Structure formats: C-alpha cells, structure tokens
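The sequence and structure come first, followed by a description.

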Amino acid sequence: TETCLVAIEAAGALNAWCHKTPEKAREMAAAADKRIAAGDAPAMCGIPLGIKDLFCTRDVPSQAASRILDGFLPQYESTVTQNLWDAGAVMLGKLSMDEFAMGSSNESACYGPVVNPWKVDDRQLTPGGSSGGSAAAVAADLCLAATGTDTGGSIRQPAAFTGTVGLKPTYGRVSRWGVIAFASSLDQAGPMTKTVRDAAIMLGAMASVDAKDSTSAERAVPDYEAALTGDIRGRRIGIPREYRMEGMSDEIDALWHKAAEMLRDAGAEVVDITLPHTKYALPAYYVIAPAEASSNLARYDGVRYGRRARLGAGDGVVEMYEKTRAEGFGPEVQRRVMIGTYVLSAGFYDAYYNRARKVRALIKRDFDQVFADGIDAILTPATPSAAFGLGEMSGKDPVEMYLNDVFTVTVNLAGLPGISVPVGLDRQGLPLGMQLIGRPWDEGGLLNLAQSLE
Ligand code: GLN
C-alpha cells in the first residue's frame with residue numbers, strides 16, 4: 001500500500017485518479033495486517049486496489065466522471081466493493097473514466113483525459129475507455145488491480161490498449177447494486193489486472209449472489225483459481241469468419257494467427273465458425289445502450305443527487321431540470337440521451353428499439369448455436385487497432401469512436417463472459433490484446449484458456 005501511494009504521487013501526469021484516499025488506505029492496510037497476523041487472511045487480504053468512479057463507495061466521492069454528480073457522497077457501498085473489502089482488499093482511491101462510462105478513450109471525463117503509460121516517442125496516447133483510469137493505473141503499477149465495468153467493451157478495450165488483462169463476466173455473475181447504471185441489461189463489472197491468475201482471484205472476491213440485484217444469478221461462486229489447471233487439451237476454439245473485417249491491419253491478423261497457434265500448441269483444437277449476425281451488433285448496441293441510458297439518466301434532475309444549476313428569478317422546475325442537465329452532462333452524454341429518447345419515442349419505438357431487440361436475440365442465437373455445436377470458446381482480436389493518440393478523434397464523426405467497439409459489443413448483447421489478454425506488440429511497440437469469449441458461466445474455463453496466451 002505504501003509503495004502504491006508513493007507511485008501514485010509520482011505519476012500525477014497520467015491523471016488516472018480522481019479521488020485519492022490515502023488515509024483510508026493506511027487504515028485498511030493496518031486492519032489487513034492484523035487479519036494476517038491472526039491467521040485469518042482471505043485471498044485479497046492487504047491487496048491495494050483502485051476503484052472505478054462508477055462504483056458507489058460510502059462517504060467517498062462517486063460521480064461517474066460527471067459534473068452532474070459534483071458533491072455526491074453515497075451513503076452506501078456497492079456490493080462489489082463491499083465484497084472486496086470483506087475479502088481484505090485496500091482502497092487507494094477512485095479512478096477516472098469516460099463520463100457515465102460512455103466512450104472509448106477516457107476523454108469525456110470531467111476530470112480531463114487520462115494518459116496511457118505506454119507512448120510512442122513523445123506522442124501521448126489514450127488508455128482507452130471507459131475504464132481508462134483503471135487500465136492506466138494497473139499498467140503503471142499504481143495499484144495491484146482495479147475494478148472496471150463493461151457495457152460494450154469498457155473493460156476489454158482499455159485492457160488491450162495498456163497491455164493488461166480485463167475480464168467481463170457473464171451477465172448476472174457480479175452484482176450491479178451500487179454501480180451507477182449506464183445500460184442495465186448490458187452493464188457488468190469485472191477485474192482489471194496484470195495477470196490472468198490475478199483476474200481469477202479477484203473475480204472470485206467480486207462475485208456473489210445478491211438479493212439487492214434482481215439480475216444477480218443464483219449460482220454459487222466457483223473457485224476460479226482452482227480452474228487454472230493449465231490443461232486445455234481437447235478444448236475446441238472457434239475462429240469466427242465475420243470478425244475478419246475488411247481493412248483489418250495485417251498486424252492484428254498476424255497476432256490472431258499467433259494466438260491460435262499458442263492454443264493449438266497447448267493441445268486445443270482450433271476450428272472456423274460462423275456468427276452470421278455479427279455485422280448488426282454495433283448498430284443494435286448503439287440503439288439499445290442509449291435507450292437504456294436515457295431512461296437511467298432521467299434521475300439526474302437537480303433534486304436527488306449532486307449538483308443543481310444556479311437559477312434565475314422566475315425560473316421554475318422545468319428551467320431547473322433544463323439548466324442542471326445542460327450544464328451537468330457533457331456532449332457525449334447529451335448525445336446518448338437524445339438518441340435514446342428518440343429511439344424510444346412513440347413514433348419510432350418499433351422501427352428502432354424493437355428492431356434492435358430482435359437483432360440482439362439473433363446475435364445471442366448465433367452464439368448458442370456455436371456452443372451447441374461443441375465450441376468451448378471463441379478467439380477474436382479485442383480491438384481493431386492499438387491505442388490511438390489523445391485528441392486524435394476530436395472533431396471527427398462520433399461514429400468513428402463507436403467503431404472501436406466492433407469486436408466487443410456482441411459479448412454484452414449476448415450476456416457472455418469475455419476476456420482480453422495482451423498477446424504481443426505492434427511495430428510501434430504498443431500492446432495488442434486478443435479476446436476470448438466463453439460459454440455462459442464458464443469464467444473458469446475461459447480463464448484457464450486465457451492463461452495459455454500469456
Ligand atoms: N465504448 C462503448 C460505449 O461508449 C462501451 C462503453 C462501456 O462498455 N461502458 O458505449
């Protein structure tokens with residue numbers, strides 16, 4: 001904990017942390033020491049962690065990197081963070097992210113952009129997003145691990161951009177209670193770590209059956225570390241032809257081959273598969289996610305949480321909503337709220353939202369079919385490129401940013417577990433990640449396969 005606290009102070013230029021809690025960290029570390037001395041040390045005892053700003057942490061600012069939650073101090077602790085503290089982990093502070101987890105570059109945070117610890121010459125790069133602070137902090141050794149959340153790729157893409165491991169569990173494996181909601185049918189929290197083994201240990205501590213989240217699954221939490229047998233002989237890995245996108249860089253393609261080779265060398269069987277509805281995933285996601293977001297974000301009204309705009313004489317309740325939301329939400333969040341309310345509106349509901357839901361069912365069915373045919377996991381790139389430059393996307397069509405999620409959103413739409421593992425470097429020396437997608441609830445099997453790629 002002390003080593004991390006020193007490193008955090010030295011790494012201020014990365015801008016990864018939005019709220020530091022050194023006193024709390026020292027207290028928690030001292031308590032962990034006592035537990036260790038008493039011979040009662042659970043798996044995460046004394047492990048210093050960073051927590052994404054999306055998690056509500058009692059009496060510690062939790063504002064989803066949004067100005068609209070300025071001054072909000074939760075009176076409760078999210079289930080995931082409570083589980084981690086119960087397992088002995090130590091909180092170093094809160095980590096920056098894209099505002100309300102909307103984005104792929106961490107540039108929409110109200111705290112300013114996070115800088116990727118990896119760079120090319122002196123060019124500053126994004127750590128990805130939305131869990132960019134988490135990824136940067138883990139990559140720069142400012143914490144041993146961090147929590148992330150993933151609605152369409154926000155754990156896996158920043159992990160790929162920073163050479164770290166990021167796991168999105170099966171929908172329902174980890175409680176969403178106390179995690180500020182973006183798109184409730186897609187959101188899932190997960191570990192961001194240095195190694196696959198760390199991800200296994202941390203997932204075990206984060207996961208629980210939670211009566212406070214109606215979508216939390218009633219399934220006992222297995223011992224994920226015990227699943228890391230190293231034996232993957234006979235496992236069947238699918239390579240989906242639809243993920244071989246036009247214009248994909250030869251470096252990503254070469255890495256994909258290398259990863260397939262690594263799995264084959266370890267005794268797995270690698271076969272070609274088809275997921276025919278893949279090309280509809282991104283459009284369906286960018287209808288469903290904003291629709292749910294527009295509904296979830298309706299609660300920020302200047303009354304219940306955080307900030308209220310300064311009002312003029314004669315301003316009524318409508319002006320209060322309008323002014324508060326206009327100054328509290330950044331441009332990307334406003335765009336999503338507008339898209340969401342549009343696709344849910346009476347005249348367009350069937351054409352957009354209902355359609356997207358049908359497409360989602362087809363995407364899910366593609367995966368069901370492949371798993372029914374005996375495939376254990378699917379291997380794809382995690383991102384279409386390595387980390388891009390800070391500011392590189394500004395002024396461009398927002399859809400360019402959305403294209404970053406092309407390999408990751410299918411997993412959220414189908415509710416499956418997915419992991420990004422660093423497998424190599426591109427010719428500029430930047431990390432690239434490969435993604436493994438697993439059967440529902442088979443995080444153990446997925447982590448075991450992922451270890452063969454390390
Ligand atoms: N980049 C995607 C989006 O902006 C995914 C974000 C996420 O997973 N939270 O919606």
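How many helices and strands does the secondary structure of the protein chain comprise? There are 14 helices and 11 strands, counted as DSSP runs (helices H or I, at least four residues; strands E, at least two) and numbered from the N terminus. The radius of gyration, taken over C-alpha atoms, is 21 Å, close to the 22 Å of the globule rule for 454 residues, so the protein chain is as compact as a globular protein of that length. That rule is 2.2 Å times the number of residues to the power 0.38.

This is a predicted model, in which local features need pLDDT of at least 70 and side-chain atom pairs count only at pLDDT 80 or more, while totals for chains, interfaces and linings use all residues. Residues are numbered from 1 along each chain as its sequence is written.

An unreviewed UniProt entry places the feature "active site" at Lys52, Ser130 and Ser154; such annotations may be inferred rather than shown by experiment. Although spread over 103 residues of sequence, these positions cluster in space, with a largest C-alpha distance of 11.2 Å.

Leaving aside residues up to four places away in sequence, Ser130 touches Ser154 and Ala101, among others, where contact means C-beta atoms within 7 Å.

Notes. Contact = placed C-beta atoms within 7 Å.
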